[in-house]
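Thanks, everyone. Please have a look at it first.

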Amino acid sequence: MAEELNPFKIAQAQLDEAARVMGLDEQAHQILREPMRTLEFNIPVRMRDGKTRLFRAFRVQHNDARGPTKGGIRFHPKETLDTVRALASWMTWKVALADLPYGGAKGGIICDTKRMNDYELEGLSRGYIRALWRFIGPSIDIPAPDVYTTPQIMAWMMDEYSKMAGHNEFGVITGKPLEVWGSQGRNDSTAMGAMYVLREAAKYRRLNLKRATVAIQGFGNAGNFAFSLSRKLFGSKVVAISDSNGAIYDNGGLDYDRVLEAKEKYGRVQAYRGAERLTNEQLLELNVDVLIPAAIEDQITGKNADNIRAKILLELANGPVTNDADKILSGKKVFDLPDFLVNSGGVIGSYFEWLQNNSGYYWKADEVYRRLDEIITKSFRDVIAAQEAYAKSGKRVSTRTAAYTIAVDRVAKAMKARGWY
Ligand code: NAD
């Protein structure tokens with residue numbers, strides 16, 4: 001039978017497995033399998049050539065039992081409603097695992113940002129907010145950046161919302177530039193959080209990060225900072241990195257500044273000189289200590305999971321590992337750390353931004369990192385403790401399922417307390 005690659009079906013199957021392991025009430029389970037609200041709309045945008053083009057867009061709010069929903073907006077030519085539904089439900093689990101007072105949401109627009117100029121992107125971003133503004137707000141649903149959306153896009157969106165509302169509303173969206181009250185530390189908070197998880201995982205598995213080799217798939221916001229931080233914080237050696245055009249590999253270690261230069265000047269990491277060229281598939285199968293998928297979903301599947309040789313698999317992207325791959329990996333020695341733990345630094349940073357916007361009092365970067373470390377380290381320890389507790393009672397569960405049981409339990413208890421079932 002062909003492997004299920006629909007991210008929403010994957011997300012539902014992950015929930016089903018957690019529900020089975022924890023004996024979740026069937027009514028709670030049914031509520032949590034489906035999103036609370038799904039919005040689908042079309043945005044007319046006047047393009048540079050004077051013609052109007054229509055863009056299809058989505059916003060999915062999965063569950064708000066624990067607070068206003070929160071989640072990024074993705075601009076992608078292959079965006080689908082099911083991807084957004086999956087990402088929205090993963091956000092519910094992510095914020096619950098970090099114990100933030102939020103629920104999960106996600107948004108997306110089918111578009112190719114590489115073929116659009118700033119004028120068109122601004123029109124599209126503002127159009128998205130005009131279509132959506134009644135359904136979002138600092139205490140309703142708070143968007144943020146995701147793949148191919150930037151702080152500048154967040155600033156346009158905040159501005160458009162403020163115009164519609166009739167007053168400045170900085171707390172409606174996070175991931176903004178500092179000039180319009182973004183937070184210190186937000187731009188690298190996703191990767192920084194992942195590094196704190198990696199530090200704890202290495203301690204747990206007795207891996208010396210100073211001597212570790214690292215391969216990273218993706219050189220966007222998450223992958224770029226993962227590269228610089230793993231070197232800066234631990235002295236690890238990044239031997240491979242990729243973008244959507246392909247990968248580069250050097251056993252002696254890649255030079256961060258030169259990778260950045262290749263990407264900025266020529267738009268692709270393969271413009272880096274002196275390294276071997278690999279495909280993205282080959283990068284994933286390298287014999288390294290730490291593998292960091294930091295691009296898109298469905299990268300490690302039933303087809304290649306058996307070839308993964310890394311000791312630690314740090315899921316920085318959302319949904320990089322399919323359920324078939326999960327089963328194969330759990331039979332191997334790979335220490336697989338699930339996405340909604342590893343990349344929760346992004347939404348934790350966003351939470352701090354929102355708190356600062358709502359109070360009008362702004363923190364220094366040190367404060368942001370210290371609090372981020374505190375929250376995400378606790379999440380890691382909670383997951384390991386849950387996994388060990390299941391093991392003691394004779395149930396062998398993956399770190400992903402252990403993490404799910406914590407998150408699902410918190411949301412189910414909130415729904416119960418509110419009388420939803
Ligand atoms: P981004 O748009 O900044 O970068 C994406 C990178 O992935 C680019 O380098 C692109 O070239 C590369 N890429 C795209 N398709 C690829 C492919 N098939 N193979 C290899 N590389 C490919 O996006 P980002 O913000 O870095 O997000 C990356 C992942 O991290 C996504 O799954 C996103 O949901 C997740 N994430 C990001 C944040 C954040 O704060 N940025 C937070 C949580 C999760």
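I'll start with α6, which is mostly covered, with 13 of its 17 residues buried. Keep in mind throughout that this is a predicted model. The helix runs over residues 189-205. From the first C-alpha to the last, α6 reaches 24 Å, close to the 24 Å expected at 1.5 Å a residue. What follows α6? The residue there is R206, and its phi is positive, near 55°.

α6 also turns up in the lining of the second largest pocket, so let me move there.

That pocket has a volume of about 840 Å³. Of the 34 residues that line the second largest pocket, D326, S330, V397, S398 and T401 are the closest to its centre. Which elements each supply at least two residues of this lining? They are α1, α6, α10 (323-330), β12 (335-337), α13 (365-392) and α14 (399-417). The biggest share comes from α10, which gives six residues.

How many cavities of 30 Å³ or more does a search of the whole structure find? The search finds one. The volume of the largest cavity is about 40 Å³. Two or more lining residues come from each of α1 (7-22), α2 (26-33) and α3 (81-97). α1 gives the most, with four residues. The residues lining the largest cavity are F8, A11, Q12, L15, L32, R33, H62, S89 and W93. By type, five of the lining residues are nonpolar, three are polar and one is charged. Note that α1 is on both lists: α1 gives residues to the lining of the largest cavity, and α1 supplies at least two residues to the lining of the second largest pocket.

Last, the ligand. There are 23 residues around the ligand, and those that come nearest are D146, T190, N221, A222 and N318. For T190, an N or O atom in the side chain is 2.6 Å from a ligand oxygen. For A222, the atom is a backbone N or O, and the distance is 2.8 Å. For Y148, a polar backbone atom is 3.0 Å from an oxygen atom of the ligand.

Methods: Residues numbered from 1 in each chain as written. Predicted model: local features only at pLDDT ≥ 70, side-chain atom pairs only at ≥ 80, totals over all residues. Heavy atoms only, no water. 1 Å grid on protein atoms, 1.4 Å probe; cavity = no way out; pocket = protein on both sides within 12 Å on 5 of 7 lines; lining within 4 Å. Points joined across faces, edges and corners; volume = space filled by probe spheres on them. Nonpolar A, V, L, I, M, F, W, Y, C, P; charged D, E, K, R; others polar. Expected span 1.5 Å × (residues − 1). Buried < 20%, exposed > 50% of the residue type's maximum accessible area, 1.4 Å probe, protein only. Near = heavy atom within 4 Å. Polar contact = N/O pair within 3.5 Å; in protein donor to acceptor, adjacent residues only side chain to side chain.
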